[in-house]
Amino acid sequence: MIIIKKKRKKRKQTVVFDSINLDAHQIKGIGGIPSDCFYIEKFADTCLNISSSQILNSLNSLPNWKVSKENGKYVGTGNWILPSYPFMKYRGNELNRFKCFFYQENGKGVSKYYYTGWQKASMFAYQSSLTCPEIDNLMKVLSEKMIWKKNKFRFNQSIVTKYRDWQDNIGAHQDKPIDITPNSPIIIITLCKPGNERTMVLTQGETIIWKGKLKNGSMLILGDKANGTYKGGKNKQEIKHEILKGEDPNVGERISIVVRDISSFVSKENIYKDFVKHVKVIENRIMQKTGKRVNYENLI
Ligand SMILES: O=C(O)CCC(=O)C(=O)O
């Protein structure tokens, strides 16, 4: 008698969190082919063991960033950066969202992530994740418990964005791979009160492959292949993401936390030097335009 052994199909494991395989939440790309993007509802409360409302409250209670001069040296304190700071503007225009940047203390310097419109001087406003324990914990837990394509990553930077009202949004884009650790995923956590959910659209070429309201506490994973941050050249399957304006004027505040494993670092000394250069440029520009001397710390 011949016994034919059936080959057991190996269960695919792209994303595992704390021994739970999350592959069932995969988003399909063009032609139904699975992408390496995932959308997982209630991630914060069920997987992170931390209430999304606690993170939301904590972020909302952080002070606005401001710069002052102490003993002739610039000092930046606080977290939320007003879009009117010159180093946050893109081609002279204010972004229609507030941001805070958190880096994890690691002895290598401050994590630097380049994006379109990024200015060196903005790094002076980046704050240690120790200024917000919930963010620090989020990065630690993701680094410890997430296995992505069989690898662990060191999530060391979080960029928090506040969409103040229905008009704030972000257009279709891909995250720039230059400072992102190759093959690492990009994690987006959503925080908002009921009714303030926003629609995320994922497009592959001209085709919308996924459109959905990101719920409070959810996690969206943009895979390294989808975003084009994988090692290995050009990827025709790259996926863009965007957050649409709210559907009606009653849609209120939404906060997102984008967590990345960053492999570029800048020393605090260099950050300070770049900021001082920036201050001089801006103060001179104002002087030339108006004939008045304005100190940077009194600008906003
Ligand atoms: O707010 C979000 O969900 C996405 C933010 C984003 O795409 C970005 O900051 O690059």
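The notes below go from the whole chain to single residues.

This is a predicted model: local features need pLDDT of at least 70, side-chain atom pairs count only at pLDDT 80 or more, and totals for chains, interfaces and linings use all residues. Residues are numbered from 1 along each chain as its sequence is written. The protein chain comes to 5 helices and 19 strands; helices (H or I, at least four residues) and strands (E, at least two) are DSSP runs, numbered from the N terminus.

**The chain as a whole**

- The C-alpha atoms of the protein chain fill a box of roughly 95 × 45 × 40 Å, taken along the principal axes.
- Of the 300 residues, 34% count as buried. A residue is buried if 20 or more other C-beta atoms lie within 10 Å of its own, exposed if 12 or fewer, and partly exposed in between, with C-beta atoms placed from the backbone.
- Among contacts with a separation of 6 or more, 72% come from residues 24 or more positions apart; two residues are in contact if their C-beta atoms, placed from the backbone, lie within 7 Å.

- An open sheet is formed by 3 strands in the order 2-1-10, with antiparallel pairing; two strands pair if DSSP finds at least two bridges between them.
- Strand 2 (20–21) and strand 10 (146–148) stand at the edges with a single partner strand each, so one side of each is left without a neighbour in the sheet.
- Strand 1 (residues 15–17) is joined to strand 10 by 3 bridges, and Phe-17 has Met-146 as its bridge partner.
- Asp-18 lies in the loop between strand 1 and strand 2 and is partly exposed, with 13 other C-beta atoms within 10 Å.
- Although it is not a glycine, Asp-18 has a positive phi of about 50°.

**A hairpin**

- Strand 5 (residues 66–70) and strand 6 (residues 73–77) run antiparallel and are joined by 5 bridges.
- Val-67 stands opposite Gly-76 in strand 6.
- The hairpin has 2 residues between the strands, and Asn-71 takes a positive phi near 50° there.

- In helix 2 (residues 52–60), the buried residues are Ser-52, Ile-55 and Leu-56.
- They cover an arc of only 100° around the axis, which puts them on the same side of helix 2; the arc is that of the directions from the helix axis to the C-beta atoms.
- The buried residues of helix 2 pack against helix 1 (43–46), helix 3 (133–145), strand 13 (186–192) and strand 18 (254–260).

**Around the ligand**

- The residues around the ligand include Asp-175, His-241 and Ser-256, where a residue is near a molecule if its C-beta atom, placed from the backbone, lies within 6 Å of it.
- Strand 11 (157–163), strand 17 (239–243) and strand 18 each give two or more residues to this shell.

**One more loop and one more helix**

- Asn-183 is found in the loop between strand 12 (170–173) and strand 13, and has a positive phi of about 70° although it is not a glycine.
- Lys-289 belongs to helix 5 (residues 268–290) and is exposed, with 8 other C-beta atoms within 10 Å.
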